[in-house]
Amino acid sequence: MDEAFDAAGTALCCAAAIRLGGAVQVLTTRSALLDHYNPIMAGLENITAFLDGRGLDDNLLGSAFAESWSLDARYPADLAGHAFVKGWSSLVFGTVVLTRPKHQNITSAKTLEFASKAAASWPTAVRIGSFDSLLRFEAACQQEAEARMREGGLPALWKLTEDRTKQYRQTTEQFIG
């Protein structure tokens, strides 16, 4: 890895993209765009593998990069969740770019802002535990992710991500009925 590479920041961004991806999976299934979602998730999974010490697959990352923009353009503007999908696409874009330190002009902090903006755009109030909005839930997820990674490393972060992804998915399933 390049010495300018921010592994911790990239891991937190990747975790956020996977986490919010739980909601996007439900939305893209509803809108018949799952074939655009799957390559994006494959690219994010490649980033997690990279952070765990394996190599980056340029084909998977290129496909994730391209499909994130394609999904953003194809998701119907009249469907609820459009702004969320758009924000998630920007989060994915930023996360992929973070794997290329020599070509990046974005920081992990700026990339994580896309997760917050996506959550803030959620079209309805939600109830997830003690949280009454997706934005508050996402803010807590980001804080918890940072703490878990600091305490237990990447395995703890990925386990937490898996759990929070399920909560995003369930919230979206309730939203679309």
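This is a predicted model: local features need pLDDT of at least 70, side-chain atom pairs count only at pLDDT 80 or more; totals for chains, interfaces and linings use all residues.
**Exercise 1.** Determine how helix H1 is oriented against helix H2, and which residues make the contact.

*Solution.* Begin with the axes: H1, which covers residues 7-30, and H2, which covers residues 34-51, pack at an angle of about 160 degrees, and their axes are 10 Å apart. Angles over 145 degrees count as roughly antiparallel, and H1 and H2 are therefore roughly antiparallel to each other. Next comes the handedness, and here H1 passes H2 in a left-handed crossing. Finally, look at the side of H1 that meets H2, where the residues include Ala7, Cys14, Ile18, Gly21, Gly22 and Val24, while among their partners in H2 are Leu34, Tyr37, Met41, Leu44 and Leu51. Sorted by class, the contact of H1 with H2 holds twelve nonpolar and seven polar residues, with no charged ones.

**Exercise 2.** Work out the relation of H1 to helix H5 from the angle at which their axes cross, and then describe the contact.

*Solution.* The axes of H1 and H5, the latter spanning residues 108-120, come within 9 Å and cross at roughly 15 degrees. Since angles under 35 degrees count as roughly parallel, H1 and H5 are therefore roughly parallel to each other. Their crossing is left-handed. On the H1 side the contact is made by Gly9, Thr10, Leu12, Cys13, Ala16 and Leu20, and on the H5 side by Ser108, Thr111, Leu112, Ala115 and Ala118. Divided by class, the residues of this contact of H1 with H5 are seven nonpolar, four polar and no charged.

**Exercise 3.** Compare the end-to-end distance of helix H6 with that of a straight helix, and locate the kink.

*Solution.* H6, residues 134-176, has 43 residues, for which a straight helix would reach 63 Å at 1.5 Å a residue. The end C-alpha atoms of H6 are, however, only 15 Å apart, which falls short of that span. Just after H6, Gly177 takes a positive phi of about 75 degrees.

Note on methods
Residues are numbered from 1 along each chain as its sequence is written. Side-chain values use heavy atoms; hydrogens and water are left out. Axes are lines fitted to C-alpha atoms, for helices over the stretch in contact, and angles run from 0 to 180 degrees between N-to-C directions. Helices (H or I, at least four residues) and strands (E, at least two) are DSSP runs, numbered from the N terminus. Angles under 35 degrees count as roughly parallel, over 145 as roughly antiparallel, 65 to 115 as roughly perpendicular and the rest as oblique. A crossing is left-handed if the near helix is turned anticlockwise from the far one by less than a right angle, and right-handed if clockwise. Contact means heavy atoms within 4.5 Å. Ala, Val, Leu, Ile, Met, Phe, Trp, Tyr, Cys and Pro count as nonpolar, Asp, Glu, Lys and Arg as charged, and the others, Gly among them, as polar. The expected span of a helix is 1.5 Å times one less than its number of residues. The bend at a residue is the angle between axes fitted to the seven residues ending there and the seven starting there.
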